[in-house]
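Please walk through this structure one part at a time. The paragraphs below go from single residues to the contact between chains.

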Amino acid sequence: MFELLGVAPQALFAQLIVGLSNGAFYALLSLGLAVIFGMLNVINFAHGAQYMMGAFVAWMLLTYAGLPFWAALVIVPIVVGAFGLLIEKLLLSRLYQLDHLYGLLLTFGLALIIEGVFRHQYGVSGLPYANPLPGYLPLGFMNLPYYRGFAILFSLIVCLATWYTIEKTKLGAYLRAATERPDLVQAMGINVPRMLSLTYAFGVALAGLAGVLAAPIYSVTPLMGSSLIIVVFAVVVIGGMGSILGSILTGFGLGLVEGLTKVFYPPASNTVVFVIMVIVLLLRPQGLFGTPK
Amino acid sequence: MIDLSPAQDRTAPQSDLATAMLAVRDLHAYYGESHILHGMTFDVRPGEVVTLLGRNGAGKTTTMRTIMGIVKKRMGSIAFEGQELINLRSDLIARAGLAYCPEERGIFSSLNVTENLLLPPVIKPGGLSVAEIYDLFPRLKERASSQGTKLSGGEQQMLAIARILRTGARFLLLDEPTEGLAPVIVQHIGRIIRDLKQRGFTILLVEQNFHFAATVADRHYVVEHGHVIDQFENSQIAANKTKLEAYLGV
Ligand SMILES: Nc1ncnc2c1ncn2[C@@H]1O[C@H](COP(=O)(O)OP(=O)(O)OP(=O)(O)O)[C@@H](O)[C@H]1O
Ligand SMILES: [Mg+2]
């Protein structure tokens, strides 16, 4: 069958794995955006910069403190999440009464500032981050690089745990209810402003986590976020703004589609996501998993 | 002009402060620039069912939302069991022991019936158990896994009342629980309110229908233009029927 398509199975599966691991980052990042948008009604334009911060903090922990990848995997989300908490408390929380646009402009401005600071400090050339899991698993039909396999699995677990927490637990019920009627939920005795702060921090922590996971695959540069976030926003539009499960499925799915495009029609691999976005916008403007307004 | 003078003249004598569970004094509230409450003053004593009667737009809902801290711009005094609530955040007011059932019912569409029922956190011991709640509202048990907003209007009202009974709050604010419901359901809600009073709950009830109010309440305050203009014991209702009809425009 592969011969019929003129493609070697090795190449096909290799691209599928690359596609899935890209999809893992799309999923983590669009999930964070969806969580933040769902609760705070803020389109977090700083998400790409926060992802980049995650990769840089991991690099700094390794370079300056000798802390390995596995330690960074735990420390970085906490550090980047705390940075998010600070932003929410100091700035974002003052904008909730105003139009969406203010939150978008604030976070866009923050993204420029964060990127500028890192560019000033580190330039634009990539910094290497050693692969913590070198080598691959020979499967016969393909070689599975350990690290990509790990990144896919880890991201999937984090995404599903987040989905479960929001859709199936008591904490998730508070979040869902506060999305609908924050005033009423607060009048039941829940500290809604604190819940908003922690939700933003959590969404930002997810971006930081994606950054750590990305460090060994992509080179660590101040611009790594802004190039990725464009695709992630397309993923969000395709999946439907604010849908949790939608953002996870769309993230992995589009990664796969990109991988397949690289195999069958390489010139389109960088644009296929945007083509799909246009088609989805034409046929189903609320997104694949969104509910019409 | 904002009238900030103490309103002792209006209704409740100051001596009631000592015995009242909820003592509202000269309460003012604003939506943005609109001044809606103009010195509400009234009391609710422990174990009483007290109503706020009044026409559309009189400020009854605003009074409840102001007591719960949902309306942020407010002045005056709201003392609950001796604790001043006027500057407290909404969630802390709830934790003082007041529970609110809003006029629009506030059932969450992204939560099923059970999740809606279990949503308000238990703030102190002494609330009803889920089994007791299902005894009062058997329909809710049958519909446990339905989406909250798929329920009929009457069922949603039951759910909105039911979910505030588990929290341990002993003071309930019920905003027009009978609005738009069929007579059998109104009767059911009447029985529930009398049952809750038996169990020792204290209830502030907003009503437009004073015939219904007379079947459940101990006392009534008449609200107009954001303040109390008159009050009656329930036993005086019949004697003041014409006056009340004039107040309420029925
Ligand atoms: N969110 C709001 N913003 C501005 N004005 C409001 C708002 N909500 C209510 N009002 C105004 O406040 C006044 C009192 O309204 P409120 O809802 O308290 O009346 P009510 O006595 O509960 O009436 P009803 O019997 O119709 O429920 C009305 O004039 C209303 O138009
Ligand atoms: Mg009302």
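A residue is called buried when its relative accessible area is under 20%, exposed when it is over 50%, and partly exposed in between, using a 1.4 Å probe and protein chains only. At 2% relative accessibility, A23(B) therefore counts as buried. The model is predicted, and local features need pLDDT of at least 70, side-chain atom pairs count only at pLDDT 80 or more, while totals for chains, interfaces and linings use all residues. Residues are numbered from 1 along each chain as its sequence is written, chains are lettered from A and ligands numbered from 1 in the order in which they are written, and side-chain values use heavy atoms, with hydrogens and water left out.

A23(B) is found in strand 1 of chain B, residues 22-31. Helices (H or I, at least four residues) and strands (E, at least two) are DSSP runs, numbered from the N terminus. In sequence A23(B) and R45(B) are 22 residues apart, and their C-alpha atoms are 8.5 Å apart in space. R45(B) is partly exposed, with a relative accessible area of 28%. The side chain of R45(B) meets that of E48(B) in a salt bridge of 3.2 Å, N to O; a salt bridge is a side-chain nitrogen of Lys or Arg within 4 Å of a carboxyl oxygen of Asp or Glu. E48(B) is buried, at a relative accessible area of 9%.

Strand 2 of chain B, residues 34-44, holds D43(B). D43(B) has 0% relative accessibility and so counts as buried. Its side chain is joined to that of R25(B) by a polar contact of 3.1 Å. A polar contact is a pair of N or O atoms within 3.5 Å; within protein, one must be able to donate a hydrogen and the other to accept it, and residues adjacent in sequence count only if both atoms are side-chain atoms.

Which residues coordinate the magnesium ion (ligand 2)? They are T61(B), through OG1, and E103(B), through OE, at 1.8 to 2.3 Å. Donors are N, O and S atoms within 2.8 Å of the metal (3.2 Å for Na, K and Ca); water is not among the atoms, so sites may look incomplete. The pair links distant parts of the chain, 42 residues apart: T61(B) is in helix 2 (residues 60-67) of chain B, and E103(B) is in the loop between strand 6 (98-101) and helix 4 (113-118) of chain B. E103(B) counts as partly exposed because its relative accessibility is 22%.

Helix 7 of chain B, residues 153-162, is largely enclosed by the rest of the structure, because nine of its ten residues are buried. Among the buried residues are G154(B), E155(B) and A162(B). The buried residues of this helix pack against strand 6, helix 4, helix 5 (130-136), helix 6 (138-142) and helix 8 (183-198) of chain B.

Helix 10 of chain B, residues 241-248, contains both E245(B) and K241(B), which are four residues apart, about one turn of the helix. Salt bridges that share partners join R139(B), E142(B), R143(B) and E155(B) into one network. The side chains of E245(B) and K241(B) also meet in a salt bridge, at 3.2 Å, N to O. Over all chains, the structure holds 15 salt bridges.

The contact between the chains comes next. It takes 17 residues from chain A and 23 residues from chain B, where contact means heavy atoms within 4.5 Å. About 1700 Å² is buried between chain A and chain B, and carbon and sulfur atoms give 58% of that area. In chain A, E180(A), A187(A) and M188(A) lose the most area to chain B, together 32% of what that side buries. Buried area is the accessible area (1.4 Å probe) that two parts lose on being put together, summed over both.

How many salt bridges does the rule find across the interface of chain A and chain B? The rule finds two. In one salt bridge, the side chains of R181(A) and E104(B) meet at 2.9 Å, N to O. R181(A) lies in the loop between helix 7 and helix 8 of chain A and E104(B) in the loop between strand 6 and helix 4 of chain B, so the pair joins two chains. R181(A) is partly exposed at 21% relative accessible area, and E104(B) is partly exposed at 42%.
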